[in-house]
Amino acid sequence: MPRHLIKRSFRLAGHATSVALEAEFWAELDALAQQTGQSLAALVVSVDEARAARGLPLASALRLAALTHARAA
């Protein structure tokens, strides 16, 4: 795994999974979770549930959620 990626693990639909993103995306996702009163894990679950309809990989969906949040700020 490239050094610039940070890997975090979550349980989604009862299964363990891990996602590797750049630190800047994790920081934005942490801010979004805090702003919405969720844990990061809960935010990841909600992004995971929404991405299924779009057919996106989880990492891509998380990056898009972070980007949307950053643009709204």
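Student: Which elements do the buried residues of α1 pack against?
Tutor: They pack against β1 (5-12), β2 (15-22), α2 (40-51) and α3 (58-72). Contact means heavy atoms within 4.5 Å, and helices (H or I, at least four residues) and strands (E, at least two) are DSSP runs, numbered from the N terminus. The model is predicted: local features need pLDDT of at least 70, side-chain atom pairs count only at pLDDT 80 or more, and totals for chains, interfaces and linings use all residues. Residues are numbered from 1 along each chain as its sequence is written, and side-chain values use heavy atoms, with hydrogens and water left out.

Student: Why is W26 called buried?
Tutor: Buried means under 20% relative accessible area, exposed over 50%, and partly exposed in between (1.4 Å probe, protein chains only). W26 has 1% relative accessibility, so W26 counts as buried.

Student: Which residues of α1 are buried, and what puts them on the same side of the helix?
Tutor: The buried residues of α1 are W26, L29, L32 and A33. They cover an arc of only 120° around the axis, which puts them on the same side of α1; the arc is that of the directions from the helix axis to the C-beta atoms. The face turned away from this buried side carries the exposed residues E24, Q34 and Q35.

Student: How do you know that the length of α1 agrees with its number of residues?
Tutor: The expected span of a helix is 1.5 Å times one less than its number of residues. For the 13 residues of α1 (residues 23-35) this gives 18 Å, and the end C-alpha atoms are 18 Å apart, which agrees.

Student: What makes F10 and W26 an aromatic pair, and why is the pair called tilted?
Tutor: Rings of Phe, Tyr and Trp (its six-membered ring) pair if their centres lie within 6.5 Å; planes under 30 degrees apart count as stacked, over 60 as edge-to-face and the rest as tilted. The centres of F10 and W26 are 6.0 Å apart and their planes are at 35°, so the pair is tilted. F10 lies in strand β1 and W26 in helix α1, so the pair ties together parts that are 16 residues apart in sequence.

Student: Which residues of α2 are buried, and why are they said to line one face?
Tutor: The buried residues of α2 are L40, L43, V44, V47 and D48. Seen down the axis, they fall within an arc of 135°, so they line one face of the helix.
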